[in-house]
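Here is a brief report on a two-chain model. It begins with one chain and then turns to the contact.

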Amino acid sequence: AQSVTQLGSHVSVSEGALVLLRCNYSSSVPPYLFWYVQYPNQGLQLLLKYTSAATLVKGINGFEAEFKKSETSFHLTKPSAHMSDAAEYFCAVTTRGYNKLIFGAGTRLAVHP
Amino acid sequence: GAGVSQSPSNKVTEKGKDVELRCDPISGHTALYWYRQRLGQGLEFLIYFQGNSAPDKSGLPSDRFSAERTGESVSTLTIQRTQQEDSAVYLCASSFGTGDEQFFGPGTRLTVL
């Protein structure tokens, strides 16, 4: 069975500060990992994905995530937060040939001026 | 091109009534997924279609829930005898094939009074 834990349901940062959203996964087979973002009243949008290639993955809007097998983690980072980054972020896991995503509970990011 | 669309965007119903939620996937996408997002929680997988067949129904919470897909296009999720715990946002996603990126619709917010 697979599962995802996102530490911190709410994260608040100042504009220009580092963004760090934490995701830990559990999987008995090599995982594929995803970060999605959900802006208010919009559908989920894929930020980035890890599918067993490079462990450091770059996504849209300046976000990146690093797959660390030893720590079973896939934390999302952005060097400098922008007001427009305020949204809810979801980490998800699946396996090769997947048909369903297993999501974490989400982290709501607030960005203050 | 058009993304995944869902209708209605909002549905308020009384306990015990049946509801139908519709999903129009991206044209040409053979895989279609239904997820449920309860307030403050992550997305829960409900069911997956490959073409018109559903190889994985493992997430349907009870026999009150059913889904069908016709013409490898539109899908309908039906909830019979709705209960208050069915209140959630129901999200649909589609992908070109199994293992490809899933594109999400904006969801249907269901409220059961």
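Chain A has 11 strands and zero helices. Along the sequence its pattern reads β-β-β-β-β-β-β-β-β-β-β. The model is predicted.

The C-alpha trace of chain A spans about 40 × 25 × 20 Å along its principal axes. A compact globule of 113 residues would have a radius of gyration near 13 Å, and chain A agrees because its own value is 13 Å. Of the 113 residues in chain A, 44% are buried. Take the contacts in chain A between residues at least 6 apart in sequence: 57% of them join residues at least 24 apart.

Now the interface. Chain B and chain A bury about 1,400 Å² between them, with 55% of that on carbon and sulfur atoms. In chain B, Leu43(B), Glu101(B) and Phe104(B) lose the most area to chain A. Together these three make up 31% of what the chain B side buries.

The contact draws on both chains:

| Chain | Residues in the contact |
|---|---|
| Chain B | 20 residues |
| Chain A | 14 residues |

The rule finds one salt bridge between chain B and chain A. Asp56(B) and Lys100(A) meet in a salt bridge through their side chains, at 3.7 Å from N to O.

On the side of chain B that touches chain A, the elements giving two or more residues are strand E4 (31–37) and strand E5 (43–50) of chain B. The residues of that side divide into eight nonpolar, nine polar and three charged.

Conventions
Residues are numbered from 1 along each chain as its sequence is written. Chains are lettered from A and ligands numbered from 1 in the order in which they are written. This is a predicted model: local features need pLDDT of at least 70, side-chain atom pairs count only at pLDDT 80 or more; totals for chains, interfaces and linings use all residues. Side-chain values use heavy atoms; hydrogens and water are left out. Contact means heavy atoms within 4.5 Å. Buried area is the accessible area (1.4 Å probe) that two parts lose on being put together, summed over both. A salt bridge is a side-chain nitrogen of Lys or Arg within 4 Å of a carboxyl oxygen of Asp or Glu. Helices (H or I, at least four residues) and strands (E, at least two) are DSSP runs, numbered from the N terminus. Ala, Val, Leu, Ile, Met, Phe, Trp, Tyr, Cys and Pro count as nonpolar, Asp, Glu, Lys and Arg as charged, and the others, Gly among them, as polar. The radius of gyration is taken over C-alpha atoms; the globule rule is 2.2 Å times the number of residues to the power 0.38. Buried means under 20% relative accessible area, exposed over 50%, partly exposed in between (1.4 Å probe, protein chains only).
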